[in-house]
Amino acid sequence: MTSEQARELFSSAFERELDEPQAQEFAAALAQDAELAREYEAFVATLELARRAAGARAEPNLLPGVQQRLRARSRGRFYGDRFSERLGSGLLQPLPLALMMLGLLALAWLALTALGVISVPPGLR
Amino acid sequence: MVDDERRLLERLTRRDEAAFNELVRRHQAQVYRLLLRMLGDAAEAEDVAQEVFVSVFKSIEGFRGDSALSTWLYRIAANHAKNRIKYLARRARDAEQPLDEFAETRAAAAFTARPDGPDQLVESHQAGGHLQSAYASLESEQRLLLSLRDMDNLSYEEIRQITGLPIGTVKSKLHRARMALHERFLALQRGTP
């Protein structure tokens with residue numbers, strides 16, 4: 001095996017993918033050529049350094065930003081603030097609340113009419 | 001695909017927001033780290049990572065389940081990274097900034113070497129900087145392959161699914177990428193870039 005052929009096997013040797021005869025030939029090539037052996041050692045050291053260095057930084061929390069983008073692009077269909085749901089359930093749901101408000105308005109109108117504060121428009125009599 | 005992932009996927013296709021939150025929490029680190037290594041800039045990486053998850057939310061029905069969810073996410077992230085690199089290069093060209101200078105300025109702290117002890121701090125810091133510069137000077141495909149295999153320890157089958165390249169091609173391109181990284185790193189260490 002020439003030095004050039006051995007260099008082509010650096011990655012496979014690093015990953016321990018060489019079969020037995022290839023591994024023996026590769027080891028023999030390194031044993032015969034001290035420069036090649038140093039090259040392989042330095043190659044492995046570089047990859048080990050890259051492996052150790054990877055992922056040394058802390059990752060940010062992406063969720064709030066993702067939710068904000070989805071809320072904006074879906075025009076509130078997803079990740080909306082759900083104001084009414086947060087208020088509670090039952091009587092505070094939007095439809096019952098609207099009916100209650102209508103009832104209150106009707107009562108106020110009737111009371112004010114009976115007291116003579118406002119008068120019924122002629123067209124409604 | 002494992003049962004847990006299948007259940008999560010079912011909830012995701014129903015646009016269950018809690019399920020989507022879980023997906024983001026589970027996979028945000030892997031997506032962000034890949035993008036940081038590809039783009040070399042923390043703010044760009046964060047922006048693109050958020051876009052990746054928005055794309056996932058929109059196109060979850062397109063996931064057929066023939067690979068792991070994480071592999072699919074890697075594929076989407078890699079495509080987004082390629083598009084952003086093209087966009088940034090185009091913008092740099094429009095601003096008449098030389099491409100070499102552009103690559104240098106993008107070579108931010110994508111990764112930082114961790115020294116084994118205090119005595120090695122200075123030496124390790126310098127080696128980390130050289131490694132970073134060597135890595136940033138590689139082509140984007142080489143950075144992707146190194147990142148997936150040597151930093152995230154993915155299998156060749158997973159890399160095939162992410163890149164769409166046959167396994168033999170992945171191996172030969174990865175070897176070229178490793179040799180290029182090593183040679184550029186050595187040149188920087190010797191002070192002969």
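**Notebook: two chains, helix by helix**

I began where the chains meet: helix α4 (residues 34-53) of chain A packs against helix α7 (residues 140-151) of chain B at an angle of about 85°, with the axes 10 Å apart. I took axes as lines fitted to C-alpha atoms, for helices over the stretch in contact, with angles from 0 to 180 degrees between N-to-C directions. α4(A) and α7(B) are therefore roughly perpendicular to each other. The classes are under 35 degrees for roughly parallel, over 145 for roughly antiparallel, 65 to 115 for roughly perpendicular, and oblique for the rest.

Which residues make this contact? From α4(A) I listed Leu47(A), Ala50(A) and Arg51(A); from α7(B), Leu146(B), Asp150(B) and Met151(B). Contact here means that C-beta atoms, placed from the backbone, lie within 7 Å. By class, this contact of α4(A) with α7(B) has four nonpolar, no polar and two charged residues. Ala, Val, Leu, Ile, Met, Phe, Trp, Tyr, Cys and Pro count as nonpolar, Asp, Glu, Lys and Arg as charged, and the others, Gly among them, as polar.

A note on the source: this is a predicted model, where local features need pLDDT of at least 70, side-chain atom pairs count only at pLDDT 80 or more, and totals for chains, interfaces and linings use all residues. Residues are numbered from 1 along each chain as its sequence is written, while chains are lettered from A and ligands numbered from 1 in the order in which they are written.

**The chain contact**

I then looked up the whole contact, which takes 24 residues from chain A and 34 residues from chain B. On the chain A side, α4 and α5 (63-73) are the elements that give two or more residues. α4(A) gives the most, with nine residues. That side divides into 15 nonpolar, four polar and five charged residues.

**Chain A**

Chain A has seven helices and zero strands. Helices (H or I, at least four residues) and strands (E, at least two) are DSSP runs, numbered from the N terminus. Buried residues make up 13% of the 125 residues in chain A. Buried means 20 or more other C-beta atoms within 10 Å of a residue's own, exposed 12 or fewer, and partly exposed in between, with C-beta atoms placed from the backbone.

Is Gln5(A) buried or exposed? Gln5(A) is exposed, with 11 other C-beta atoms within 10 Å. I found Gln5(A) in helix α1 (residues 3-8).

**Chain B**

The domain assignment, which is automatic or from a database, gives chain B domain 1 (1-98) and domain 2 (111-193). I see 12 residues of domain 1 in contact with 11 residues of domain 2. On the domain 1 side, α2 (17-39) and α4 (69-94) of chain B give two or more residues. The largest share, six residues, comes from α4(B). This side has five nonpolar, four polar and three charged residues.

Gly40(B) lies in the loop between α2 and α3 (42-59) of chain B. Gly40(B) is buried, with 24 other C-beta atoms within 10 Å. Gly40(B) and Tyr135(B) are 95 residues apart in sequence, yet 9.6 Å apart in space, C-alpha to C-alpha.

Last, I checked helix α9 (residues 167-190) of chain B. At 1.5 Å a residue, its 24 residues should span 34 Å, and the end C-alpha atoms are 34 Å apart, which agrees. The expected span is 1.5 Å times one less than the number of residues. Buried residues in α9(B) include Val170(B), Leu174(B), Leu181(B) and Phe185(B). Gly191(B) follows α9(B), and its phi is positive, near 80°.

Technical notes: Two residues are in contact if their C-beta atoms, placed from the backbone, lie within 7 Å.
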